[in-house]
Amino acid sequence: MGNVVGGAMGVDPAVVVQDEAYWVSTAQLTCVGEGTGAIAETGGTRHGPASVHPYEANIGARALVAAGFRYLPMVAAYLRWYLGHLNRPDVDGVTGTVYDYDYDPVSCVGTRQRDPATGAATTYDSSDAYAGTFLTLVADYVRADPQSAAWIAEPQTQADLGAVADAIMATLRPSGLTAATPTYEAEYLLDNVEGQQGLRDYAWLLTTVVGDAAQARRRTDQADGITAAISTSLWRSGPAMYAVAAHGPDPSWSVWYPDSFAQLWPVSAGLGTPGRRAALWAAFARHWPGWTASTPAFGTVAVDHDPNAAVAYAAAMAGDWTAVRTYLTASQLRWAGHAPPWTVDDSGFRALAAQAASRHGGR
């Protein structure tokens, strides 16, 4: 993690980006075979199989993009692994999803992860969020490396990306929201925020890289529909918060996870009016002022539960630079070794927060 530079400035955000990218790079499989390019949950020294959760890898790979050109070939390798593992279709009849895998890091042979209790092969935690975060990663990659546009525009790549986008819409429900999976009906705030963002990023690719205005409009309309449903179906005027899921109880600021934590996703994605986003962040910061701390616990929540890197990214998107700087310094002390439960998605969020702070000038 980033070097402490002393004084009130804390860590150097630019160094944080590089350090998190390096750790993510150590999580990528470099063996030759079916698993080449996959990004495991954790980096560093590995004992036993490499656990690959595409959702976490999608976010972790954004640290590689943020760190610059030297890591972009690794991002390309991961994108090819993901597209090479699209289900056509999966066990529920959906094309464009990707399962969770375990890999032998030496032989590069992978198998679907299995339920530790039943031994049954598992699928994925969320078909909509996996797809959405992947499309956002692809757009980030293309913005960082314009030369990648030729590959993105290839007919096969476009067919694959279209299948990923279709996987988001495969679980669309009458509410206008998407369900987490074809067999799990919960319509989560987080998943829908990520799904609509992925569709918007895919529409950008269709416009900028492919030049297909009609398909771009179609994907934008799909994103707009989900965004509208988030506002109408999930917003609760009483507590002035978003519900964690459709048909669920009203959320409360007194509950850290998932109630308070979920409010950060619309803030990070820029959903709702600027006033609403500002109010959500202010309420979060007021109810949970110790989220940046490196001490063992704050309030009733142990920081060991989650490294809170996603909170730092929301703070950056809200423009709370004091909180971002405080977190980057505290997390340098608390999570310097990337000890569990730190995973590659935490590195992705921390790198994104640091990148925003670096662009802001560290002030």
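This is a predicted model: local features need pLDDT of at least 70, side-chain atom pairs count only at pLDDT 80 or more; totals for chains, interfaces and linings use all residues.
The protein contains 14 helices and 7 strands, and its C-alpha atoms fill a box of roughly 50 × 45 × 45 Å along the principal axes. Because a compact globule with 363 residues would have a radius of gyration near 21 Å, the 20 Å found for the protein agrees with that expectation. Of the 363 residues, 55% count as buried, and among contacts between residues at least 6 apart in sequence, 64% join residues at least 24 apart. The protein exposes about 14400 Å², of which carbon and sulfur atoms supply 56%.

Turning to charge, there are 22 positive and 34 negative side chains, and the centres of the two sets lie 7 Å apart. A search of the whole structure finds 12 salt bridges. One of them joins aspartate 140 and arginine 62, with N to O at 2.7 Å; this pair links helix α4 (residues 127–144), which holds aspartate 140, to helix α2 (residues 54–67), which holds arginine 62, across 78 residues of sequence. Aspartate 140 counts as buried because its relative accessible area, 16%, is under 20%, and arginine 62, at 17%, is buried as well.

In another salt bridge, the closest N and O atoms of arginine 173 and glutamate 185 are 2.7 Å apart, and both residues lie in the loop between α6 (155–169) and α7 (189–210), 12 residues apart. Here arginine 173 is buried at 18% relative accessibility, whereas glutamate 185 is partly exposed at 46%.

A further salt bridge, at 3.4 Å from N to O, is formed by aspartate 250 and arginine 236. Aspartate 250 sits in the loop between β5 (241–242) and α9 (256–262), and arginine 236 in strand β4 (residues 235–236). Finally, salt bridges that share partners join Arg62, Asp140, Arg143 and Asp201 into one network.

Terms used. Residues are numbered from 1 along each chain as its sequence is written. Side-chain values use heavy atoms; hydrogens and water are left out. Helices (H or I, at least four residues) and strands (E, at least two) are DSSP runs, numbered from the N terminus. The radius of gyration is taken over C-alpha atoms; the globule rule is 2.2 Å times the number of residues to the power 0.38. Buried means under 20% relative accessible area, exposed over 50%, partly exposed in between (1.4 Å probe, protein chains only). Contact means heavy atoms within 4.5 Å. Accessible areas come from the Shrake-Rupley method with a 1.4 Å probe; for residues, only the protein chains shown count as cover. Lys and Arg count as positive and Asp and Glu as negative; His and the chain ends are not counted. The place of a charge is taken as NZ of Lys, CZ of Arg, CG of Asp or CD of Glu. A salt bridge is a side-chain nitrogen of Lys or Arg within 4 Å of a carboxyl oxygen of Asp or Glu.
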